[in-house]
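Here is a short briefing on a structure.

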Amino acid sequence: MSDLRELYQDVILEHSKAPRNFRELPAANHKAEGYNPLCGDHFTIYLDLEDGSIRDVTFQGAGCAISKASASMMTQSVKGKSKEEAAKLFERFHSLVTGHAEGDPDALGKLAVFAGVSEFPVRVKCASLAWHTLMAALEGKQDAVSTE
Amino acid sequence: MTTAANSLSWELRPPMENGDFDVEAARRDFPILQQQVYGHPLVYLDNAATSQKPRAVIDAISRYYESGNANIHRGVHFLSEHATEEHEAARRTVQAFLNAADKREIIFVRSATEAINLVAQSYGRKHVGAGDEVLITAMEHHSNIVPWQILCEEKDATLRVLPINERGELRLEELPKLLTPKTKLVAVTHVSNALGSINPIRKIVEMAHSLNIPVLVDGAQAVPHLKVDVQQLDVDFYVFSGHKVYGPTGIGVLYGKRALLEAMPPYQGGGDMIRSVTFEKTIYNDLPYKFEAGTPNIGGAIGLGVAIDYVTRLGIDNVAAHEHELLVYGTEALTAIPGIRLIGTAADKAAVISFVMEGIHPHDIGTILDREGIAIRTGHHCAQPVMQCFGVPATARASFALYNTRQEIDVLVKGIQKVKEIFA
């Protein structure tokens, strides 16, 4: 049960029930779709990118608690950041959820609540789906991203 | 089609007499069930994905590789003769199990999927042409959709789909409209993997045959759970996988009526499927070998034969009665939990309970149950069109086998309560 509580932290559950920035973004100039065939999670990330900086970011779609909370908290974390900073954050986040976290734990801020995912290897894809999709949107890729 | 149809449990057939079936004795035959997962006794409820193997099957496969291994149909030596004999004995076991008229009608393949591809590529490519139609149903597994799509695309033919109703039953009243002179084949599942629905195959076959349309039945989810008699059903092709009926993976069966198989071109070329080869001309072997190119899965066939013997010894009717009792008990237990909606409430159902929980994604249900030692399947069950019909991205699915118990369903219910606690 303790592992489960580590995974389903209150913050994560709260974000999954009431996701932030959960809407279409009319001003978006970049967007990408992400799909996790394992569980059918499907998200669209909308980006308003200006001079390499994320002025605004929102998402829509459906998925499990982990993927939805991750998308919600990601939008909060990357808003106002540059492309490079967002990519760096994803790198840290990915290390965290795969159990290879190094360096300053505070650098992830609130995203550190996803540490419990590392005990559930099949759920890593859920936690990182929104991030992969964000990276695709930043790079302006048109094809849907799949975690497979 | 999002009607909450939770209240249908009493429409299921009532539990039947199940004779002397002793589930505790049966459980002892399955070594894997004795283990703990995350500190809890394993509760294995993912039998529609694959079943566990009894000791007899595991031993038969070990014995074959320890003391019986040889290639078949060609050696003159002792081991080869013996392996050939065992392989062919397994074919006769399958023949008797399906009540096929002739052992030459039993083709060993890798899986139900391969059997369907064989029919699509051999029978299909010969008989389906531009403008023709192949009819499937809305509850098919991807394995009974995609091979026909590939065929239809190649031949410029059209794939038609018989719809289902909100309970997950075929809408048979639509069938006469969909059976036309253009229809060259009907491919339908006997039991739905995602919904549990048991389809009225005899009736479908009668309707199709009245227009001389052959019928292929996907029996992957049926043979472990109910008596199948291919002659009584009068099906033209019937396919199943060994691993879902307590046998090993990598072995499956295609049954086909002899006249149809005789007239079909080979599926794959190679050794064993030929009578003589010259660079000018090859003469194909007789049935069933014409469709068994290359060294087959000999150990797998032997294991499957032993698995079928095991089920036959317990009595498939006893197994069916036991599983139906679990279905009735489980359906009542799950529908009593607020916030649960069953997906698939056909009146005639095999022991599969697919469900969704309000506000909780099936994947989260699966993870939490897993930590309680409960193995269920979550996802689209390789039946995405079924999920679309019910307006859900995925379901959680508990599917039962002969070794499951009421106590395990109680553990499942407790696990679901835990899911609700975490998401409260």
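Two strands count as paired when DSSP finds at least two bridges between them. With that in mind, take B:Asp218: its bridge partner in strand 9 of chain B is B:Val239. Keep in mind that this is a predicted model.

**Strand 9 of chain B and its neighbours**

- Strand 9 of chain B covers residues 237-241.
- On one side, strand 8 (residues 215-218) of chain B pairs with strand 9 of chain B in the parallel sense. The pairing has 3 bridges.
- Strand 10 (residues 252-256) of chain B also joins strand 9 of chain B, and these two run antiparallel. Here there are 5 bridges.
- B:Phe237 has its bridge partner in strand 10 of chain B, and that partner is B:Gly256.

**Burial of strand 9 of chain B**

- Which way do the residues of strand 9 of chain B point? B:Phe237, B:Val239 and B:Ser241 point one way, while B:Tyr238 and B:Phe240 point the other way.
- Residues on both faces are buried.
- A residue is buried if 20 or more other C-beta atoms lie within 10 Å of its own.
- In strand 9 of chain B, 5 of the 5 residues are buried, so the strand is largely enclosed by the rest of the structure.

**Helices 4 and 5 of chain B**

- Helix 4 (residues 112-127) of chain B and helix 5 (residues 146-155) of chain B have axes that come within 9 Å. They cross at roughly 25 degrees.
- Angles under 35 degrees count as roughly parallel. Helix 4 of chain B and helix 5 of chain B are therefore roughly parallel to each other.
- The crossing is right-handed.
- Helix 4 of chain B brings B:Ile116, B:Asn117, B:Ala120, B:Gly124 and B:Arg125 to the contact. Helix 5 of chain B meets them with B:Pro147, B:Trp148, B:Ile150 and B:Leu151.
- The residues of this contact divide into 6 nonpolar, 2 polar and 1 charged.

**Helices 10 and 11 of chain B**

- Helix 10 (residues 298-314) of chain B packs against helix 11 (residues 316-335) of chain B at about 75 degrees. Their axes are 5 Å apart.
- That angle makes helix 10 of chain B roughly perpendicular to helix 11 of chain B.
- B:Val311, B:Thr312 and B:Leu314 in helix 10 of chain B meet B:Ile316, B:Asn318 and B:Val319 in helix 11 of chain B.
- This contact has 4 nonpolar residues, 2 polar and no charged.

**Where the chains meet**

- 14 residues of chain A contact 13 residues of chain B.
- On the chain A side, 10 are nonpolar, 2 polar and 2 charged.

Conventions
Residues numbered from 1 in each chain as written. Chains lettered and ligands numbered in written order. Predicted model: local features only at pLDDT ≥ 70, side-chain atom pairs only at ≥ 80, totals over all residues. Buried ≥ 20, exposed ≤ 12 C-beta atoms within 10 Å, placed from the backbone. Helix = DSSP H or I, 4+ residues; strand = E, 2+ residues; numbered from the N terminus. Contact = placed C-beta atoms within 7 Å. Nonpolar A, V, L, I, M, F, W, Y, C, P; charged D, E, K, R; others polar. Axes fitted to C-alpha atoms, helices over the stretch in contact; angles between N-to-C directions. Parallel < 35°, antiparallel > 145°, perpendicular 65-115°, else oblique. Left-handed = near helix turned anticlockwise from the far one by under 90°.
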